[in-house]
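Biologist: I have the sequence and the model open side by side. Could you walk me through the pockets first, and then the sheets?

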Amino acid sequence: MPDKLLDCLVVGGGPAGLTAAIYLARFRRRFQVVDAGRSRAALIPTSHNHAGFPDGIRGPILLHRMAEQARRYGAHVVAGSVTQLSRREDGVFVATVDGQRIATRTVLLATGIVDREPDFPGLPDAIRRGLVRHCGICDGYEVLGESVGVIGHGSSGLHEALFLRTYSSNITLLSLGRPLTLSADERDRVTSAGIEVVEGSVEQVVIENDRIRALALRDGDCRSFDVLYSALGSDARSELVRGLGTQLDGKGCVVTDEHQRSSTDGLFAAGDVVRSLDQISVAMGQAAIAATAIHNRLRGMALPRDAAGETLSFSPQNLCDCGPATSGPP
Ligand SMILES: Cc1cc2nc3c(=O)[nH]c(=O)nc-3n(C[C@H](O)[C@H](O)[C@H](O)COP(=O)(O)OP(=O)(O)OC[C@H]3O[C@@H](n4cnc5c(N)ncnc54)[C@H](O)[C@@H]3O)c2cc1C
């Protein structure tokens with residue numbers, strides 16, 4: 001079993017997990033990336049704010065290039081889900097991946113978040129076409145002067161609408177049939193920014209001819225927009241570490257220090273699952289810090305292999321028999 005003990009298990013193969021893979025491979029660490037294949041970056045039609053790509057870059061292409069870069073140094077992404085994570089008394093983590101178990105000295109959680117989506121037909125296609133968007137910081141510049149609807153029930157909708165006011169004077173805040181939970185002060189801010197509020201009446205959203213048409217079924221009112229921003233919030237994919245007693249913030253994001261260390265010894269986190277600006281560059285930066293901290297933590301122990309160029313990343317066939325696991329905090 002000791003020769004099958006990983007230095008690191010990277011959970012998630014989005015921009016954070018793949019950046020960590022590039023670094024860990026170049027640090028010649030014995031590690032594995034396991035990815036369930038639902039990166040938010042895969043939904044990006046074209047990113048224009050990611051530095052280094054003056055013509056923009058499509059999310060799936062960026063992911064593909066990063067995986068290829070990691071592969072060149074011997075890293076290997078296994079498609080699958082980590083369904084359980086525990087920590088033994090000796091500090092070794094044991095992860096369950098599609099029924100098999102992996103023992104590892106450290107874990108990097110790079111599992112991201114899940115957007116809460118409005119419920120209407122054709123949503124995935126609308127996201128791919130850039131008709132429904134999620135992040136004014138990412139692509140607000142691309143809606144300059146357009147008519148923009150923002151879906152949101154509370155202050156997240158308000159903040160997105162106010163943010164997008166930089167790019168358009170034609171902003172409507174929609175609650176899709178639910179009451180808007182804004183304070184009097186927040187309502188004043190909306191009014192003084194010239195943002196229209198459509199509350200309670202919109203019950204269905206449909207797409208027609210490359211435009212978003214919001215149907216107000218109850219009163220016959222009908223609105224159409226060039227673009228709709230969804231500001232319904234998101235959920236952190238941190239359920240794996242709840243059983244470890246790892247400190248999470250009020251939104252379920254992993255709390256980390258400046259080295260991306262969580263409150264559980266040996267567990268690191270990077271990317272959207274950590275409370276920060278949910279951006280590719282941030283995910284990459286945090287992953288670079290985490291991978292380096294992991295390497296430094298393990299440095300001093302013998303390198304797993306001496307031969308240069310040898311593949312250090314494990315294939316699924318090499319997953320180990322890790323012995324009995326204990327769940328919960330050590
Ligand atoms: C439509 C859209 C447009 C965007 N545009 C931009 C933009 O232009 N610029 C920008 O900087 N950012 C943009 N973003 C944000 C950007 O996509 C995220 O900040 C980035 O993807 C975060 O990377 P991550 O690695 O933390 O998480 P993710 O990319 O979400 O990757 C997490 C990965 O972990 C996997 N995973 C989760 N749980 C498990 C598990 N238990 N086992 C195995 N694998 C697991 C998931 O399946 C997923 O593949 C956009 C987001 C969206 C939705």
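This is a predicted model: local features need pLDDT of at least 70, side-chain atom pairs count only at pLDDT 80 or more; totals for chains, interfaces and linings use all residues.

Modeller: A pocket here is an open set of points on a 1 Å grid over the protein atoms alone, with protein on both sides within 12 Å along at least five of seven lines, whereas a cavity is a set where a 1.4 Å probe fits but cannot get out; lining residues have an atom within 4 Å of a point. Residues are numbered from 1 along each chain as its sequence is written, and side-chain values use heavy atoms, with hydrogens and water left out.

Biologist: Which residues lie nearest the centre of that second largest pocket?

Modeller: They are H134, G233, S234, K251 and D278, out of 28 residues in the lining. Two or more lining residues come from each of strand 7 (113-115), helix 4 (136-139), helix 5 (155-164) and strand 16 (234-236). Helices (H or I, at least four residues) and strands (E, at least two) are DSSP runs, numbered from the N terminus.

Biologist: And which element gives the most to the lining?

Modeller: Helix 5 does, with 4 residues. The lining of this second largest pocket also draws at least three residues from each of domain 1 (6-114 + 234-298) and domain 2 (117-230), with domain bounds that come from an automatic or database domain assignment.

Biologist: What is the lining like by class?

Modeller: For the second largest pocket there are 10 nonpolar, 9 polar and 9 charged residues. Ala, Val, Leu, Ile, Met, Phe, Trp, Tyr, Cys and Pro count as nonpolar, Asp, Glu, Lys and Arg as charged, and the others, Gly among them, as polar.

Biologist: Switching to the sheets, what order do the strands take in the open sheet of 5?

Modeller: The order is 8-15-9-10-11, with parallel pairing; two strands pair if DSSP finds at least two bridges between them. Strand 8 (132-133) and strand 11 (196-198) stand at the edges with a single partner strand each, so one side of each is left without a neighbour in the sheet. Strand 10 (residues 171-174) runs parallel to strand 11 and is joined to it by 3 bridges, with L174 standing opposite V198 in strand 11.

Biologist: Is strand 6 mostly buried or exposed?

Modeller: In strand 6 (residues 100-109), 7 of the 10 residues are buried, so the strand is largely enclosed by the rest of the structure. Buried means under 20% relative accessible area, exposed over 50%, and partly exposed in between (1.4 Å probe, protein chains only). For the protein, 51% of the 330 residues count as buried.

Biologist: Which strands does strand 6 pair with?

Modeller: Strand 1 (residues 6-11) pairs with strand 6 in the parallel sense over 5 bridges, and here C8 has T106 as its bridge partner, while V10 stands opposite L108. Strand 17 (residues 267-269) also runs parallel to strand 6, with 3 bridges, and L108 stands opposite F268 in strand 17. Strand 5 (residues 93-97), by contrast, runs antiparallel to strand 6 over 5 bridges, with R101 as the bridge partner of T96.

Biologist: What about the hairpin of strand 5 and strand 6?

Modeller: There are 2 residues between the strands, and D98 takes a positive phi near 45 degrees. Strand 12 and strand 13 form a hairpin too, with 2 residues between them and a positive phi of about 45 degrees at N209 in the turn.

Biologist: Back to strand 1, how many of its residues are buried?

Modeller: Strand 1 is mostly covered, with 6 of its 6 residues buried. Strand 1 also pairs with strand 2 (residues 31-35) in the parallel sense over 4 bridges, where the bridge partner of L9 is Q32.
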